[in-house]
Amino acid sequence: MNHELLTDMYEFSMANGYYLTLSHDKQARFDVFYRKAPDDGSFVISAGLKQVVDEVKNWHFSPDDIAYLKSLKHFSDDFLFYLTEAHNRCSIEALPEGTPVFPQEPFLSITGPLMDVQLLETLILNIINHQSLIATKAWQITSAADNRPVMEFGARRAQGPDAAIYGARAAIIGGCGSTSNVLAAKLFNVPAVGTMAHAWIESFPDELTAFRAWAKIYPDNAALLVDTYDVLQSGVPNAIKVFKELRAAGHEPVGIRIDSGDIAQLAKQARKMMDDAGFPDAKITASNALDAHIIKSLLNQGAPLDNFGIGERLITSSSSPVLSGVYKMAALENKGKWEPKIKISNSREKVTLPGHKQVYRLYDKHDPQHAVADVIALADEQIGSKITAISADVHVTRNKVILTDFIAKPLLQQVLTPDKTATCEANPFVIQRFAKKNLAQLPAATQRLLNPDHFPVYLTKRLVDLQQKLIDEATNM
Ligand SMILES: Nc1ncnc2c1ncn2[C@@H]1O[C@H](COP(=O)(O)OP(=O)(O)OP(=O)(O)O)[C@@H](O)[C@H]1O
Ligand SMILES: O=P(O)(O)OC[C@H]1O[C@H](OP(=O)(O)OP(=O)(O)O)[C@H](O)[C@@H]1O
Ligand SMILES: O=C(O)c1cccnc1
């Protein structure tokens with residue numbers, strides 16, 4: 001299904017209005033950014049860019065779409081004709097997927113005909129907000145799991161098929177190692193994994209028969225679900241019987257999955273039983289409405305867990321289910337000249353950053369693996385060896401600093417041009433490694449699950465002066 005109509009009606013009303021009142025090739029630039037990270041975190045892991053680039057690159061309206069828009073009797077024929085010829089005329093600059101991004105930083109900027117970029121607002125936000133939210137949640141969960149493999153199990157609880165598919169990709173970006181979602185595994189070339197459901201056990205006369213039947217079919221992939229009847233009285237003893245039979249036939253068992261009850265207590269006792277029976281390498285997988293905080297707590301209780309299967313709280317980010325990324329006009333072309341644009345608000349933090357911008361990550365000159373701050377600058381500014389900067393966080397009291405001794409790396413990169421040249425990493429594991437590398441360069445305190453430190457984000461003086469000038473002009477001061 002093409003997604004060109006996946007936009008809000010007001011975007012079409014405005015685009016039709018622009019067509020009727022403004023010059024048709026008037027260019028505009030919009031930025032995507034967010035103001036507050038989910039779960040009171042300090043950053044978001046950017047995700048969704050690959051899908052955005054694919055959508056924008058192939059942007060077009062089918063005859064059926066045009067017929068539907070015509071049937072609404074709301075748009076001019078000339079505008080509808082413009083849409084029949086629509087194709088990508090936009091360029092996109094963006095942070096690569098997997099970049100930890102902080103509030104106010106544009107993680108994507110799109111430039112193109114005003115009508116086109118306006119029509120793309122809803123779809124771009126839909127994709128970026130969803131996938132960045134899930135990638136960030138997956139980072140929380142996998143960081144709590146402390147290098148133990150996490151399988152994404154959420155398809156059945158995701159809010160619809162797209163959320164399951166693209167959520168699985170975002171989960172890999174955020175740190176998961178595999179997914180139970182076979183379609184996502186196929187589409188993104190990632191491992192499809194799984195154990196068994198209680199239905200398998202219930203389909204046989206008893207648990208032992210069910211385990212044996214499984215082990216016969218999958219002798220090298222026997223991860224047995226032990227909680228259908230009683231984990232310690234029945235599940236683990238039966239699993240051990242089958243493990244012994246497997247070993248006698250020359251196979252090593254994978255382990256067990258515990259999906260209910262007090263996981264810490266059950267895992268400790270199951271571990272002891274399997275060790276005593278000669279299976280110290282049999283793994284214990286935990287599942288059952290787990291999230292980052294429960295995983296941390298289980299590990300703090302000393303639960304000997306090797307793997308996690310995580311569904312609903314990952315795929316829906318249920319503890320913080322919205323990333324409110326926004327899409328705001330930064331500049332508009334007028335008679336061949338770009339003019340910076342601003343949205344003013346009574347709340348200082350909601351005043352937008354005007355103009356064509358670049359985000360720099362500053363690394364300590366003497367320790368270049370250590371990021372010390374980000375700076376948002378105007379794109380045509382020269383970043384020298386010294387920057388006078390103002391905190392992007394309006395609540396900071398001592399908000400003016402002089403930054404020196406840094407190496408500045410520009411983060412926004414061109415990923416799509418109107419001639420359809422697209423450069424954008426697709427492989428979610430490559431992106432996962434990029435995310436890990438970038439996170440390792442940030443202060444550890446910004447990555448606490450509870451009350452993390454905020455990473456300093458600054459604006460250059462020129463950007464702040466431009467913002468103030470536009471505020472003054474708009475308020476006639
Ligand atoms: N030792 C533990 N410490 C903290 N949380 C735990 C522990 N063991 C399980 N949990 C979590 O507690 C929540 C509720 O577990 P509960 O015992 O109610 O599940 P259950 O009723 O046994 O499972 P089910 O409803 O699937 O039969 C789940 O999110 C689970 O992951
Ligand atoms: O709990 P999640 O993190 O979403 O992980 C996925 C869950 O999906 C399955 O449950 P199922 O749908 O069979 O229902 P159940 O909760 O009764 O086990 C599985 O047994 C997990 O418990
Ligand atoms: O393979 C599993 O164990 C699995 C898959 C999806 C949901 N719950 C469990």
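At what angle do helix α10 and α11 pack, and how far apart are their axes? Before I answer, a word on conventions. Residues are numbered from 1 along each chain as its sequence is written, while chains are lettered from A and ligands numbered from 1 in the order in which they are written. This is a predicted model, in which local features need pLDDT of at least 70 and side-chain atom pairs count only at pLDDT 80 or more, whereas totals for chains, interfaces and linings use all residues.

To the answer, then. Helix α10, residues 231-248, packs with α11 at an angle of about 35°, and their axes are 10 Å apart. Axes here are lines fitted to C-alpha atoms, for helices over the stretch in contact, and angles run from 0 to 180 degrees between N-to-C directions. Helices (H or I, at least four residues) and strands (E, at least two) are DSSP runs, numbered from the N terminus. The crossing of α10 and α11 is right-handed; a crossing is right-handed if the near helix is turned clockwise from the far one by less than a right angle, and left-handed if anticlockwise.

Which residues meet there? From α10 come Val231, Leu232, Val236 and Ile240, and from α11 come Leu266, Gln269, Ala270, Met273 and Met274. Contact means that the C-beta atoms of two residues, placed from the backbone, lie within 7 Å. By class, this contact has 8 nonpolar residues, 1 polar and no charged. In this scheme Ala, Val, Leu, Ile, Met, Phe, Trp, Tyr, Cys and Pro count as nonpolar, Asp, Glu, Lys and Arg as charged, and the others, Gly among them, as polar.

Helix α10 also has a partner in α9, residues 207-217: the two axes come within 9 Å and cross at roughly 35°. This crossing is right-handed. On the α9 side the residues are Glu207, Leu208, Phe211, Arg212 and Ala215, and those they meet in α10 include Ser234, Gly235, Asn238 and Ala239. The contact of α9 with α10 divides into 6 nonpolar, 3 polar and 4 charged residues.

I turn now to the ligands. The shell around ligand 1 includes Ser260, Gly261, Asp262, Asn288 and Gln301, a residue being near a molecule if its C-beta atom, placed from the backbone, lies within 6 Å of it. Which element gives the largest share of this shell? The answer is α12, with 3 residues. The elements that give two or more residues are α11 (263-276) and α12 (292-300). By class, the shell of ligand 1 has 6 nonpolar, 5 polar and 1 charged.

Ligand 2 is surrounded by 14 residues, of which the closest are Phe153, Ser287, Ala289, Gly311 and Glu312. Both β11 (307-310) and α13 (312-315) supply at least two residues of that shell, which divides into 5 nonpolar, 4 polar and 5 charged.

Around ligand 3 we find Phe153, Ser180, Gly194, Thr195, Arg257, Ser287, Gly309 and Gly311. Its shell has 1 nonpolar, 6 polar and 1 charged residues.

Finally, the domains. The domain assignment of the protein chain gives domain 1 (9-134 + 321-475) and domain 2 (135-315); such bounds come from an automatic or database domain assignment. The C-alpha centres of the two domains lie 39 Å apart.
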